[in-house]
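Please open the model in your viewer and keep the selection tool at hand. The stops below say what to select next and what is there.

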Amino acid sequence: MFRLRVLSVLPVVIAAAASSAVVAAGCSAEGKRFDFGDVTEGGGSGVGGSGGPRGGSGGASVAGAAPEGDDSDSDGFGGNLIIDGGAPEETPDVAVNPCGSACGPVELCGVDELGIDHDGLDDDCNGMIDETCACIAGQAHSCFRGDPSFRQSPGCFPGTQLCDETGTWGPCVGGVHADQNCHLNDAAGCHPIQAAPFATVDLKEGTGTFSADAVEGSEEWTVTCPAGVDPCPSVGGTEPKDDFKPLQSGEYTVTYTKQGADGKSATCAYPLFVGARGLRVELEWEHEPYSVDLDLYLHKPNNTQPWKVGGSNVACGYGNCTIDTLTDDDPGITWFSDTATPPDPVNWYLDPEETNNTCFYAPRGVGEDWRHDGRGCHNPRLDLDNISCAQETTDPDDPTFCAPENINVDFPPKSGWMRVAVHYFGGEVSFNVHPRIKIFCNGELGADLGPTGFHDPEEPVTFLPEDSGERFWLVADVVFPDPGECGSNTCIVRPLYEDETTKTPVLVNTRTAITSFGPPYPRLPSP
């Protein structure tokens with residue numbers, strides 16, 4: 001696809017604060033929301049199945065009235081999970097994670113002398129998590145309330161915690177936790193399900209036996225999207241209305257209503273966890289009343305060469321990371337190996353069972369282009385380049401739908417820092433634009449930056465009308481450290497600040513970006 005680009009460049013110099021401090025590992029994923037399975041040459045298993053979800057290993061039995069309020073309640077899954085009974089004195093049938101811990105006298109932070117990572121765990125079982133632990137504004141990690149011994153038990157799923165502008169961990173939002181007796185849940189009824197981004201989900205799979213007596217034609221589903229997902233895709237299908245295509249990662253709330261054989265109406269709610277393996281960076285922004293074109297970039301691991309508009313072999317972007325640019329005649333961007341076996345980094349990966357080919361699900365027809373190419377999914381890749389769209393469109397299969405731009409590295413290298421950036425390419429608009437970046441690592445949120453993550457929560461990252469064509473936002477650095485035997489299979493995200501004290505974003509002009517890399521990468525934390 002030919003894309004016309006016109007760019008003006010004005011020389012401006014800005015000094016970005018450089019930090020070489022050791023970065024604390026503040027993004028560990030405790031609990032297990034996704035099971036991506038073992039991946040080897042020629043096969044594998046993943047969250048999505050062949051275009052759909054795979055049920056979780058357990059479930060939350062939920063009944064009663066439809067949820068009230070939103071899903072941001074700190075009491076777990078919307079604060080509306082209804083479970084009878086109390087926690088037993090002894091639970092001999094529940095497997096304990098050999099690398100985990102149980103309730104103790106104090107809250108612990110980071111990795112202990114045994115190599116156990118306590119970030120995201122409710123070590124003292126007081127219902128608060130990491131309340132005494134430091135963090136960097138905008139960072140996020142998964143979290144699990146209650147006895148950590150149950151964090152990987154069937155029916156238990158972690159929530160998500162976000163670090164606020166004061167460097168304090170906020171409430172644990174979403175998930176299904178030990179303090180809700182998740183290990184005692186009835187997996188046969190309404191239960192959590194999971195899916196890959198872009199994959200069409202059969203929402204009925206989450207109803208289990210709860211929908212067995214539903215009167216034909218009486219079933220209805222509604223879905224509440226995670227914070228910042230706008231527009232929220234509509235529920236499609238005919239009878240029953242059971243088709244849904246989530247275009248961003250995160251925890252969705254599904255509400256199901258039926259009329260039973262007894263003539264009574266009944267409702268249950270359950271979470272839909274959406275995520276992909278490896279690194280996934282998602283960018284969203286306003287598109288109305290006129291189209292605005294922002295571009296997402298990812299820099300090559302441990303490389304500090306300057307950026308290039310459109311992309312280069314050291315920076316994945318619209319000019320070298322889409323299916324239109326990765327041709328047989330021009331391999332485009334090559335960071336990794338053509339012969340390695342995943343999970344080692346590899347340029348191309350094709351899973352014959354398709355469960356790990358998440359690029360095949362991309363909306364607006366782009367997924368079919370990846371599929372028809374025959375080589376699988378590329379690492380790194382830009383699933384689709386969103387140049388223009390209509391904010392009022394809610395059907396994700398409509399070519400005008402405002403799908404987020406996202407860059408993926410399905411099999412990231414260990415201990416290789418990568419940098420995320422956003423360029424305001426163009427748009428003749430008279431309003432301010434507010435980009436939002438979410439960084440996910442193996443399905444877990446590692447950072448939410450733009451509206452959050454900086455000193456003043458009332459001043460999100462802003463592109464002014466005169467910034468069109470001229471503004472580069474150097475967002476954050478991300479690395480997947482070697483987890484070791486008991487470490488977390490997740491990432492460390494280090495937001496970039498122009499000033500570490502005031503926590504202002506690093507906003508440079510295009511000339512600066514294409515002639516320099518920006519602040520140096522941080523040092524890796526000690527193992």
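**A strand and its partners**

Begin by selecting Leu382, which stands opposite Ile407 in strand β16, where strands are DSSP runs of E with at least two residues and helices DSSP runs of H or I with at least four, numbered from the N terminus. This is a predicted model, in which local features need pLDDT of at least 70 and side-chain atom pairs count only at pLDDT 80 or more, while totals for chains, interfaces and linings use all residues. Residues are numbered from 1 along each chain as its sequence is written, and side-chain values use heavy atoms, with hydrogens and water left out.

Two bridges join β15 to β16, and these strands run antiparallel; strands pair if DSSP finds at least two bridges between them.

Colour β16 (residues 405–409) next: five of its five residues are buried, meaning under 20% relative accessible area with a 1.4 Å probe and protein chains only (exposed is over 50%, partly exposed in between). Glu405, Ile407 and Val409 lie on one side, and Asn406 and Asn408 on the other.

**Helix α1**

Move to helix α1 (residues 366–373), where Val366, Gly367 and Trp370 are buried. They are on the same side of α1, because they cover an arc of only 110° around the axis, taken from the directions from the helix axis to the C-beta atoms. The buried residues of α1 pack against β13 (348–349), β14 (377–378) and β15 (381–382), with contact meaning heavy atoms within 4.5 Å. Finish at Gly374, which follows α1 and has a positive phi, near 90°.
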